[in-house]
Every structure is written in C-alpha cells, then in structure tokens.
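Let's take a friendly walk through a few spots in this protein. Keep the viewer open as you read.

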Amino acid sequence: MEVVRPAGLMSPVPVAEAQAVQLLRYEMMFTKTPLAMASYPALAFRLRKASPRLLKASLSAVLAQHPVCAGRLSGTTIALTGDGVPFTVVESRESSAPDVVQEIDLLRFADFRRPGRVAKGLEPLLTVKLTCFRDGSAILGMGRSHALLDGSSAWAFLADWARSARGEKHVAARRTSALLQALPDDDQLNELAREALGRPLAGGLMASAMKVAFPLISPLYDWLFLAGITGDLTRPRVRFSDSELARIKAAATPVDGDGWVSTQEALSAYILLTIGKAALPPTSQGRAVAAFILDARKALGFRSDDIIGSGLVFLRVGFSGLLQMSLQEVAGTLHELSKSNLSQEAVRNRWRLVAGAANIGLEFDVMRDAYPTKYDICLFLNNQSKRELPDFGQEASGGAAESVLSNAGPTLVLPTRGGVEVLLDPSTLKAARSASARLAALEALRREIPVQGAAIVKASCAPGAVGSAGAGGA
C-alpha cells in the first residue's frame, strides 16, 4: 500500500499546525452510523486497462485541488494535514476483471474503513484500491466517508480526478463556504418543524434511543458487515434497457393532466405497481410510499459540484388504492404529488430542517420522520442513473469505465451499458412474505416487459449471468 499525498507535499502537517475546515453536525452524523447505512460507501468501476503510476500521479494532482480529501477528522473539523489517501494495488491471478461485479465483492474490491475510527482521525476519509487482472483489465474501488463526500460530491471528485488524468485544464469542484449561512436560526427551525412535522422538535424516547444505540452497536455491526455475514450486500438486481425504459415511460404517461411524466416517475410507478400486484393480497389497502433522495444544492443556491458531506435529503409521497390503479394512474399520481412534495422549496426546507436539527443534536427526531411506518409497500429510491462514468484517458484506464457498482442505498439506480441497473432494497420486497413470493415479484418485473436477452440478476448469480437487451454506452 502507498499513501498518495497532494502534489508538492512531501510529509504530513501536524494537526496543531494545519488549517481546518469546519463540518456541519449534519455531516458528522455519518460518523456515528454503521457501514451498512452507507456511512463509508464504495464505488467500483471496471476499467479496460489500468496504469497504477498514472492513476496515482493524477490522484496526487487532484488532491492538491481538494486538500480536504487528504486530511483527517479532528473533532468537528477536517484538519488539512495532507496525511493522504491510501492507494492499494492488488495483482489478481484471475484472467480478467468480472464483467458484472457482485455487491458482496465490494468487500474485496474496495477499502472500507470503520466510521468510528474515522471520526477519531485514526482512519482516512478516502481510500483507493486497484485490482489488476492478467489481461490488463482492472477494478478501481474508491471508499469515502459520507462526512466528507455525499453521492453528488463523490461523482464530482471522480470527474475532477478523471480530467486531471487526461491532462485537461478545468475548474475544480470546491468545498462551499456557504453551508453555515444556510442553517436556520432558532425561530426559523421551529417554524420548519411545525410545517413539516406538525409539532416542535423534541428528542423523544425513540430518537434518544437511536442516538445512544448507534455508537454502541456500530462497532460490532461493522465487524459483521466487513466479514460479509450481515446480508447487506446481497440486493437483487434488475436491468432495464434504454428501449425498455422508453416503453415503460410511454405506457405510464397519462393522457390527461400534464400528459407527461419523468422516466424516474414512470419507473417508480412500474416497480411499485408490479411488485405490489405480485406480493400484496387482494384485500390490501394498497398504501404505497415512494421516497426519493434529492440533491439540495440547487435549492440552496450552491453549485451542482460543490463538495458537501450531506447535501442530500429524503422526501416522500404517499397514496392508497395501489392495486385498483393502472400504471398511468400511479405514474400520474406520483407526478402530481411531486409538484408540491418534491418542489425546490420543499427540498430547501427539508435540508434546512434536518441540518438545523442536527446542529442542536436532534437529527434523529427528524430522520425518523423520513421513514413512514404505515404502508403496505414502499420504494426508497436513490437515482444515480445520469452520472457519467469516469474516463481517466486511454493511457490510464483505456477510456471510460465500462461499469459501476456501489453499496449506496436504499434502492439504487445506476447507469449501465444501454440502460440502467436497479439494486432493490429489501424494504421494497417486504410485502412478499416468503422467498418464493419475493422471487415471483422480481420475475414479474421482467415478465411485464418481455424483451429477449434481459434477465433478473440475483445476488447469488455468477459474474456474467446478467442479461441485458441492447448494448452500447450508458
């Protein structure tokens, strides 16, 4: 293992002498939660080839632009010590990198670190692991503390790293200085709480228990997670080709109202309705909840590539009568509810509420509200399908990465060649009471849009078992 430091820095700076970047308590929250909750998630990319030397050199250059990524946590700040990023190179005896990386294999291809140790400054905020195969292909894994980089920030950092590797001049993403100014004052926070929760902020028994329990259970659960025995890295995977997505959207678009729905709304409606009909009993009330991870940067007036540990929020919509509705009706309902529930104002208010509550130690009081308890089927969606796979250049990586996998959640949508891949969170399949019922629900997702060559990817399938209609760039 080699430690890559910012270009021009030969040795670390003592914490006492280093500049520091203040974090929000909302960002620090992710140092208290277990790895299974994506507190130190990983991204893994398949590369046609890899040059460890060029990747390390370009990483060093981009760390000079992002010194926060090479620092260490110190209290509620990141000390810009330049301690660096561990870069591990593994030479595999296998002939070629797997075309399809199984989620459990992230434990092999990425370098996870325990959040509790990261919080104490004992572990790095960012890690890189490069597994090289005999034919020259490779898997590039990047682990990162959620206190440092949320999902949008991680992709922004990767884009800067890739541009650096290609030798392109660019304006690097930055750590915004406006976070503290975006926090509400006490009166504003109370008003936000009354509007969103219908009550003032209060710790409560459940929120207090969560606050105490996470630091206690996280070390043990992290050990089990890293041993691969918790079951958190076994989500079922389903691929949809671009043509299938187009068909789903066409079928889901209502003739009345706006006469339009987004692809995300159409796919969400399709998943809820298809799994609901396969898993719920006919007598069910069909109470459905769709929750979405949304980026708050635009709503807060920040740049889209601003480096933030917690620039994302959960917002949801809900309705009843799912089993009596058509696909158009479900998609249309999601679309109409989203106009108010997922508006830019709603996103801004939710971020300010959660960040403000975290600032006074009441984050769990707000976070528990993001997860409803009264529903028959739910879909918590993290849509990253429009992310561009990094291209480190022909010499460093053989061009753009060929595929990506992450353990971010809950239900994750990732770009894949010629379509998207959906990693379904177990909560979506909770309505199915048995393994056979869950399999039937998954098979229904494929059966309703029969396309030759497409297939469900079960977590236990061998690499290469995934079928996908169509080919080409994602």
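Is Gly-71 buried or exposed? In this predicted model, Gly-71 is buried, with a relative accessible area of 0%.

## Around Gly-71

To find Gly-71 on screen, go to the loop between helix H2 (52-65) and strand S4 (72-74). Setting aside its neighbours within four places in sequence, Gly-71 is in contact with Ile-78, Ala-79, Leu-80, Thr-81, Gly-82 and Leu-125.

Gly-84 sits 13 residues from Gly-71 along the chain, and the C-alpha atoms of the two are separated by 6.5 Å.

Next, move along to strand S14, which covers residues 411-416. Of its 6 residues, 6 are buried, so the strand is largely enclosed by the rest of the structure. You can check this face by face: Thr-411, Val-413 and Pro-415 are buried on one side, and Leu-412, Leu-414 and Thr-416 are buried on the other.

Which strands pair with S14? One is strand S12 (residues 377-383), which pairs with S14 in the parallel sense over 3 bridges. In this pairing, Leu-381 has Thr-411 of S14 as its bridge partner. Another is strand S15 (residues 419-423), which runs antiparallel to S14 and is joined to it by 5 bridges. Here Thr-416 has Gly-419 of S15 as its bridge partner.

S14 and S15 together form a hairpin, with 2 residues between the strands.

Now for some open space. The second largest pocket has a volume of about 380 Å³. Of the 14 residues that line this pocket, the closest to its centre are Glu-195, Ala-196, Leu-315, Ala-346 and Arg-350.

Which elements give two or more residues to the lining? They are helix H7 (186-197), strand S11 (312-319) and helix H13 (344-359). The largest share comes from H13, with 5 residues.

What does the lining look like by class? It has 7 nonpolar, 2 polar and 5 charged residues.

Terms used: Residues are numbered from 1 along each chain as its sequence is written. This is a predicted model: local features need pLDDT of at least 70, side-chain atom pairs count only at pLDDT 80 or more; totals for chains, interfaces and linings use all residues. Side-chain values use heavy atoms; hydrogens and water are left out. Buried means under 20% relative accessible area, exposed over 50%, partly exposed in between (1.4 Å probe, protein chains only). Helices (H or I, at least four residues) and strands (E, at least two) are DSSP runs, numbered from the N terminus. Two strands pair if DSSP finds at least two bridges between them. On a 1 Å grid over the protein atoms alone, a cavity is a set of points where a 1.4 Å probe fits but cannot get out, and a pocket is an open set with protein on both sides within 12 Å along at least five of seven lines; lining residues have an atom within 4 Å of a point. Grid points are joined across faces, edges and corners, and a volume is the space filled by probe spheres set on the points. Ala, Val, Leu, Ile, Met, Phe, Trp, Tyr, Cys and Pro count as nonpolar, Asp, Glu, Lys and Arg as charged, and the others, Gly among them, as polar. Contact means heavy atoms within 4.5 Å.
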